[in-house]
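Please look at the sequence and the model shown below, and then read on for a short report on one residue and on a sheet with its helices.

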Amino acid sequence: MIKFDHVTKTYRTNVGLDDVSVHINKGDFVFLVGPSGAGKSTFIKLILKEINADEGSIIVDGQDVTTLSNREVPELRRKVGTVFQDFRLLHKKTVFENVAFAMEVLHKSKKQIRKQVPQILSLVGITDKAHKYPDELSAGEQQRVAIARAIVNNPTVLIADEPTGNLDPVTAAEIMDLLDQINLRGTTIVMVTHAKDIVDRMKKRVIAIEKGKIVRDKEGAYAFKEEVNILE
């Protein structure tokens, strides 16, 4: 599903990724962890082709991202849903309109939108909020809208960048349970997080990055005892 083969990305003052090779299988749920500046954001931006690798190849759902032209990038991003810490909702649009907007940009018909959006709102548990505006919602509800928008076009991959960062522990746990449900439906999930409690509770695959290199790739906890100093 996602394959990095000897990928290197350097910036003027530091290394983003240093000769990274990793394979994320279809249907995986992967946590991407590590300290600030470790290379997590570079990893995500390379998947979305927001930046280009200096060396190596990146395969996403059978496509070599590194060879895509600019006009081919939108097609790639249709396969990849994204959720962020700050929700990024359109505040002058209702919940329904926010989710529908993701379909409209792909020129889906009004009939398709009327059918699909309510189904997705039901899946994420906010059917009763369809006609509310983002400012009328709690932080957890806003994140559910953001997730609905990200998955309404049935992406093969969902990138979640600190999706629980602005949420209280109870709401964060609810959002993680929702992401787990989405993963069980077949969507590959790559989640960037600093939340050790969430990673330890979920017991999924954990890829730890430090100074642009993968220092651990195993299922289980955020860090083994001997690795705590590395990842803090």
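## A residue in a loop

Apart from neighbours within four places in sequence, T94 is in contact with A130, H131, K132 and Y133, where contact means heavy atoms within 4.5 Å. T94 sits in the loop between β6 and α3 (95-104), and it counts as buried because its relative accessibility is 8%; buried means under 20% relative accessible area, exposed over 50%, and partly exposed in between, with a 1.4 Å probe and protein chains only.

## Basis of the description

This is a predicted model, in which local features need pLDDT of at least 70 and side-chain atom pairs count only at pLDDT 80 or more, whereas totals for chains, interfaces and linings use all residues. Residues are numbered from 1 along each chain as its sequence is written, and side-chain values use heavy atoms, with hydrogens and water left out.

## The sheet

Six strands form an open sheet with mixed pairing, in the order β6-β7-β8-β3-β9-β10. Strands (E, at least two residues) and helices (H or I, at least four) are DSSP runs numbered from the N terminus, and two strands pair if DSSP finds at least two bridges between them. The edge strands, β6 (80-84) and β10 (213-219), each pair on one side only.

Strand β9 (residues 205-210) runs antiparallel to β10 and is joined to it by six bridges; the bridge partner of I207 in β10 is D217.

## Helices on the sheet

Helix α1 (residues 40-47) lies across β3 (29-33), β7 (157-161), β8 (188-192) and β9, and runs at about 135° to β3. Helix α5 (residues 139-151) packs on the sheet and touches β6 and β7, its direction making about 165° with that of β6. Such angles run from 0 to 180 degrees between N-to-C directions, with axes fitted to C-alpha atoms, for helices over the stretch in contact.
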